[in-house]
Structure formats: structure tokens, C-alpha cells
Amino acid sequence: MAASKSLRRWGWVHKWSSIICTVFMLLLCVTGLPLIFHEEIDEVLHAQVKAEQVAPGTPRADLDKVMEAVRVALPETVPHFLIWDRDDPNVVMVSVGKSITDNPANNKLARVDAHTAAYLDAPDFTKRFTYIMLKLHTDMFAGLPGKLFLGFMGILFCIAIISGIVVYAPSMRKLPFGTYRRERRRVVRWLDVHNLAGILLVMWTLVVGFTGVINTWADLVIKYWQFDQLAAMTVQYKDRPLVANPASIEEAVKVARKAEPDMKPAFVAFPGSIFSSKSHYAVFLHGNTPLTSRLLKPALIDAETGVLTDSREMPWYVSTLLLSQPLHFGDYGGMPLKIIWAILDIITIVLLVTGLYLWLRRRKTSVSVERAVANPSALEPQAS
């Protein structure tokens with residue numbers, strides 16, 4: 001009796017957590033599918049100026065020449081970040097805005113040949129199909145409130161998965177694993193598909209759902225790091241004005257690499273940008289292994305003297321955020337992992353659609369979740 005009461009409670013949790021989040025989870029699954037292949041889609045839909053193909057080992061261009069090329073091509077802008085393109089080692093990108101205080105979300109992204117320092121182009125990413133999908137997937141064009149709302153939906157999704165395991169566990173004891181009763185009515189077949197898809201995806205959906213929730217907190221995590229760690233690293237410079245004539249960025253990166261010889265630069269934040277102080281180049285470096293390549297370590301270089309002033313590991317909350325991103329997007333294992341992620345995403349869509357269908361069908365028959373699990377025939381029309 002107590003077990004039945006507990007099962008009803010879990011059924012109530014599973015029903016309402018699923019109902020509330022299903023539409024938004026469908027949105028995330030549908031928009032997430034093309035994002036898995038965003039590089040390939042952009043390459044097909046949008047022409048870009050190609051960087052010169054060079055032999056392995058060709059020296060990279062001086063970064064000061066890279067910056068000069070951007071200044072000449074986009075004279076009315078100021079640089080915020082210099083970024084090494086993870087997907088194309090022949091290209092470096094420079095994020096530029098109208099002023100150093102502009103919101104970097106509105107910046108242009110200039111592409112420069114990494115070996116010749118030739119300016120390539122500055123495509124408008126905001127009109128691309130993949131950008132629209134990304135905005136729908138991350139905040140529904142609603143900024144931080146949209147991100148936090150989707151994060152709440154992600155929490156409900158994780159609750160629905162866990163409660164689903166509890167609710168459907170009794171039926172798994174009565175039927176062989178993977179049972180699909182093709183001779184039964186459609187509603188029972190859909191229930192079997194829903195149960196099988198759910199149990200096969202339980203770990204993947206939990207990982208993707210939980211890491212997705214963490215990613216929705218990215219803005220808050222970065223803000224906290226700025227007020228906590230970055231402020232402590234630059235406290236003696238807090239009253240200084242923006243440096244007027246910054247030193248060589250090429251030399252600043254060399255100083256950072258000398259301090260961390262086993263790491264590579266990922267991006268540089270210019271003085272006055274959101275990831276640095278008004279007096280520093282902040283060189284963010286990453287490791288060389290699959291795991292450490294996703295983790296960043298900042299090295300602050302005085303932009304006037306070129307001297308390293310501080311370097312420290314990222315705190316646990318930033319490292320957790322950085323590690324959650326590849327687990328969510330599945331972009332760390334090349335095309336085979338992308339295909340696996342796409343298949344799992346499609347199966348999740350099937351799971352959500354069948355769950356929605358079963359709920360609508362149950363409303364017609366007034367059969368509880370627990371009864372439907374214990375006796376699937378209750379979902380079928382009864383003979384009069």
C-alpha cells in the first residue's frame with residue numbers, strides 16, 4: 001500500500017515535470033541538432049575567404065602585424081579579443097567593437113591569415129541560420145532571463161528523467177528488456193517505444209540535460225569570477241586609467257608562453273575589455289590533452305611594461321563550466337561523435353513526442369500513469 005502511494009507521488013512528479021518542460025525540450029532538441037554540425041552547415045551555406053594553405057611547421061605571423069591588418073581594414077573599431085581559431089589553425093580572429101566599453105555581443109569578428117597576417121574578411125554571423133538556431137537554443141533571443149528560464153526547464157527535464165526511472169521500474173520487472181508488442185494497439189506500442197527510448201538514453205539525457213543547465217549559468221559564473229578572482233589579481237591596478245600605448249601583443253604572448261611552456265594560447269583579452277583590467281593583456285592558455293585543452297589559465301601581462309604580474313588556475317566553478325560545454329555539445333571527438341550525438345538527439349525527440357502522445361491519450365481514457373505502467377491494456381479501449 002505504501003509502495004503504491006509512493007509510486008503515485010513519483011508518477012505525479014513525472015507527469016508535471018514532463019508536461020511543463022516538454023515543449024521547451026523539443027525546441028532545444030530541434031535547434032540543437034543543426035548546431036552539432038554548425039561548422040559543416042556554415043561551410044556549405046556561406047562563402048569565406050580562405051587562408052593560405054601552408055606546409056606544417058610554417059612560422060606564424062607576428063601578432064602585431066595581425067593587429068595592424070585589422071586596424072587598416074576596420075579603422076573605426078578597437079580590439080577586444082584576439083582568438084586562435086580552434087577549428088582552423090590557419091586563421092586567427094579579432095573581435096572588435098566601436099569602443100572598448102561596447103557590449104562584446106555586438107562586436108564584429110575579423111578573420112586574419114595566421115601565417116601571412118593578411119586580412120581575410122569580417123562576416124556578419126548574426127544573419128546565419130546557425131546563429132539563429134544558437135540564439136533559440138541558448139536564450140530564445142531573451143538574453144539572461146531566457147537563459148535562466150531554459151535552465152529551469154533543464155532542471156525539470158532532469159527531474160522527469162529520474163522520476164521516469166522510478167515510475168517505470170515496476171514494468172521493467174514484468175517484461176523482457178526491449179519488449180515491443182507489435183501485436184497490441186498503437187498506444188501500447190508507443191508506450192513500449194517511449195520506455196525503451198527512455199531507458200536507453202537515461203545516462204546521455206542526464207549528462208546533456210545537466211551540462212545544459214550549467215551552461216545557462218555561464219554569464220553569472222563569469223561575472224562572479226570577474227568580481228572574485230580577476231579583481232584580486234588586479235587589485236593594485238584598479239585605480240589606473242586605461243593604458244594609452246599598450247606594449248607589443250606579440251611580446252606579451254611570448255611572456256605568457258614562457259611562464260606556462262606546456263600550454264598554448266587560446267585567446268587574449270585587451271586592456272579594458274571584460275576579461276581583463278585597464279592595465280593588462282590577459283592571455284588565456286589551455287593544455288594539450290583532450291581534457292586540459294578545454295581548461296583555461298589566465299596570465300596577466302602589464303600592458304605598459306610587458307611584465308607578467310599574476311597567473312593562477314581557474315576556480316572550480318569556472319572549470320566545471322568549461323568542462324560541461326564539450327560534454328553538452330559533443331564537439332570533442334570529431335565527426336563520429338557528432339553523428340552519435342545527432343542520433344541520440346533524434347531518439348530524444350522520439351522520447352518527448354511519444355511521452356506527449358501518451359499523456360494526451362491518457363487524458364482521454366482517464367488512466368493514471370501508474371495504472372498504465374502496471375497494466376498497459378488499461379490504455380486500450382474496453383469492450384462494452
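**Exercises on a predicted model**

Helix α6 bends by about 60 degrees at leucine 201. The exercises below concern a predicted model.

**Exercise 1.** Compare the span of helix α6 with that of a straight helix of 31 residues.

*Solution.* Step 1: α6 covers residues 186–216, and a straight helix of 31 residues would span 45 Å at 1.5 Å a residue. Step 2: between its end C-alpha atoms, α6 spans only 38 Å.

**Exercise 2.** Determine the strand order of the open sheet and explain which strands stand at its edges.

*Solution.* Step 1: the eight strands follow the order β4-β3-β2-β1-β5-β6-β7-β8, with antiparallel pairing. Step 2: β4 (119–121) and β8 (308–311) each have a single partner strand, so one side of each lacks a neighbour in the sheet. Step 3: from one strand to the next, the twist averages 25 degrees.

**Exercise 3.** Describe how β6 and β7 are joined.

*Solution.* Step 1: the two strands run antiparallel and are joined by seven bridges. Step 2: within this region, valine 283 is found opposite alanine 299 of β7.

**Exercise 4.** Locate valine 66 within the largest nonpolar core and list its contacts.

*Solution.* Step 1: this core has 29 residues, and Val66 is among those with the most contacts inside it, together with Leu82, Ile249, Val268 and Tyr281. Step 2: elements that each supply at least two residues of the core include α3 (63–73), β1 (78–84) and α8 (249–259). Step 3: neighbours within four places in sequence aside, valine 66 is in contact with Ala61, Leu82, Val92, Val94, Val112 and Ala117.

Terms used: Residues are numbered from 1 along each chain as its sequence is written. This is a predicted model: local features need pLDDT of at least 70, side-chain atom pairs count only at pLDDT 80 or more; totals for chains, interfaces and linings use all residues. Side-chain values use heavy atoms; hydrogens and water are left out. Helices (H or I, at least four residues) and strands (E, at least two) are DSSP runs, numbered from the N terminus. The expected span of a helix is 1.5 Å times one less than its number of residues. The bend at a residue is the angle between axes fitted to the seven residues ending there and the seven starting there. A nonpolar core is a set of buried Ala, Val, Leu, Ile, Met, Phe, Trp, Tyr and Cys residues joined through side-chain atoms within 4.5 Å. Buried means under 20% relative accessible area, exposed over 50%, partly exposed in between (1.4 Å probe, protein chains only). Contact means heavy atoms within 4.5 Å. Two strands pair if DSSP finds at least two bridges between them. Axes are lines fitted to C-alpha atoms, for helices over the stretch in contact, and angles run from 0 to 180 degrees between N-to-C directions.
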